Amino acid sequence: MSSSMVSVVACMSAVCENGAKKDFFGFSKYNCKVGVGNKKKMRCVLAKFQYSKTCNGLSFCNSCLVSNGFCSVDGRRSGHPGCWKSKFSGSAQQGGIRATAVPPVMEGEGTSKKPPTKKRRVVVTGMDVITPNGQDPDVFYENLLQGISGISEIESFDCSQFPTRIAGEIKSLSTAGWIAPKLSKQMDKFMLYALTAGKKALLDGGITEDVMKELNKARCGVLVGSGMGGVKVLSDAIESLRISYKKMNPFCIPFATTNMGSALLAMDLGWMGPTYSISTACATSNFCILSAANHIIKGEADMMLSGGSEAVIEPVGLGGFVACRALSQRNNEPTKASRPWDSNRDGFVMGEGAGVLLLEELEHAKRRGATIYAEFLGGSFTCDAHHMTEPHPEGAGVILCIEKALAQSGVSREDVNYINAHGTSTPAGDLKEYQAIVHCFGQNPELRVNSTKSMIGHMLGAAGAVEAVATIQAIRTGWVHPNINLDNPDEGVDTNLLVGSKKERLDIKVAISNSFGFGGHNSSILFAPYKEIYQ
């Protein structure tokens, strides 16, 4: 049988006529002899489609992978529209194999329906942040409410030769009691931020040593991502390599990878559930939070630490974004540099830090008497599929993301009255997001929109998690923070939709936090006040 014939990627087992069980992974596994009249059939079900293999004929669906390009996933090769009722030609026919598509096995056909199951609800029971204007959720949010900016001159290295010399830089961080001193000297800062914020979020959630002993650690996981990982560790390693490889930090590779923050946190805690990281640029944190929540909803975990961490205020990080011409150069007025929706902006401001949420299954949280800060309702991801750095000109990906998030969460758009926007202080990004919000929610007089980045800058992979904490704090306190530096709004922007220069009272029904990243990654996640019976 020719090796150029169909290759089925994965399947269940099959039974030949003689009763022998065969692996249904490839033709080489079959003992069935090919020949005219030899009609030995095997069947399996893969991804709700029916495959029927005969020794002189093969039926499959249009999602099969086929060698030599006779049938592609979209069915546009070899003249088969959609692959249905189509046949192989060329070498496949020469080998005596003819393939025709068969309709998919419909849901419930030949099987008894499963009884409906109650959806597992996800709540937030702990959180922490490490940001330029506060390293405690309450201090952080109080500074936001007062309109206090954390943007300042960079002090960690000499940046006098750079056109941008300001950032949302963390001036100091104590890891005492959280990370072993020897390890803290070797780690990249993004890992220090992740581990410290993660352990503080646990403490905030009431996970004491005694509570930890009672947890089923196989059902606890960590999903804290990073957009760029260990930039300083890798940069230092490259400098050491200029002298000799013997000078390199032996941990430079693992400490540079984006997953190591989650991994080390899980090791410290002994948590053996779903643990990994996601890196989708500036949308990283939202992807991690939604994915972590889905592990709980699907019953794979009861508790997840999730969020993001970033530390790229280093020469290579600053230089890279300067080369992109993306950064503000308002060096003489650092606190006024980040200006979402303001026509006098000149770029975004880099930030660094971490945000971590403790997500927990509702009944699990109630059994241990946890304080519930808010409920996580759901969210969505989409991709612009347009450009590496520029948003879709019509905001199609963002609109789709918001609408899918509402549908997935079962939330009416009328119930959304607060949006913590991505709002980075770039003309294209700010306006496209604003237009998408107006498209999705209309001129809802109750809707209020703000951008946390006006005060802490853009924390890249950590932005979504820190802004999720700000969103939850808005729900808890009943106050939404101002948009600072909004002096001359962009043309076409209705300031009645945006929070002004002072904090505002708001009884939040449902809140959305948006994050979008290079590569066209879009994400929207929803939070609401916890109610015993959510309507």
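This is a predicted model: local features need pLDDT of at least 70, side-chain atom pairs count only at pLDDT 80 or more; totals for chains, interfaces and linings use all residues.
Strand β19, which spans residues 510–517, has eight of its eight residues buried, so it is largely enclosed by the rest of the structure. In a regular strand the side chains alternate between the two faces of the sheet. Both faces of β19 are covered, with V510, I512, N514 and F516 buried on one side and A511, S513, S515 and G517 buried on the other.

The strand has pairing partners that can be followed residue by residue. Strand β15 (residues 416–420) runs parallel to β19 and is joined to it by four bridges, with Y418 standing opposite A511 of β19. Strand β20 (residues 521–528) pairs with β19 in the antiparallel sense over seven bridges, and within β20 the residue I525 is the bridge partner of S513. Three residues lie between β19 and β20, which form a hairpin, and in its turn G519 has a positive phi of about 95°.

The structure also holds five aromatic pairs. In one of them, the ring centres of F251 and F255 are 5.3 Å apart and their planes lie at 20°, so the pair is stacked; F251 is partly exposed, at a relative accessible area of 36%, whereas F255, at 5%, counts as buried. For F321 and F348 the centres are 5.5 Å apart and the planes at 80°, so this pair is edge-to-face. It links distant parts of the chain, since F321 belongs to helix α10 (residues 315–323) and F348 to the loop between α10 and β13 (353–361), 27 residues apart, and both F321 and F348 are buried. A further ring, that of W479, has K503 over its face, at 4.5 Å from the ring centre.

Terms used: Residues are numbered from 1 along each chain as its sequence is written. Side-chain values use heavy atoms; hydrogens and water are left out. Buried means under 20% relative accessible area, exposed over 50%, partly exposed in between (1.4 Å probe, protein chains only). Helices (H or I, at least four residues) and strands (E, at least two) are DSSP runs, numbered from the N terminus. Two strands pair if DSSP finds at least two bridges between them. Rings of Phe, Tyr and Trp (its six-membered ring) pair if their centres lie within 6.5 Å; planes under 30 degrees apart count as stacked, over 60 as edge-to-face and the rest as tilted. A charge sits over a ring if NZ of Lys or CZ of Arg is within 6 Å of the ring centre and within 35 degrees of the ring normal.
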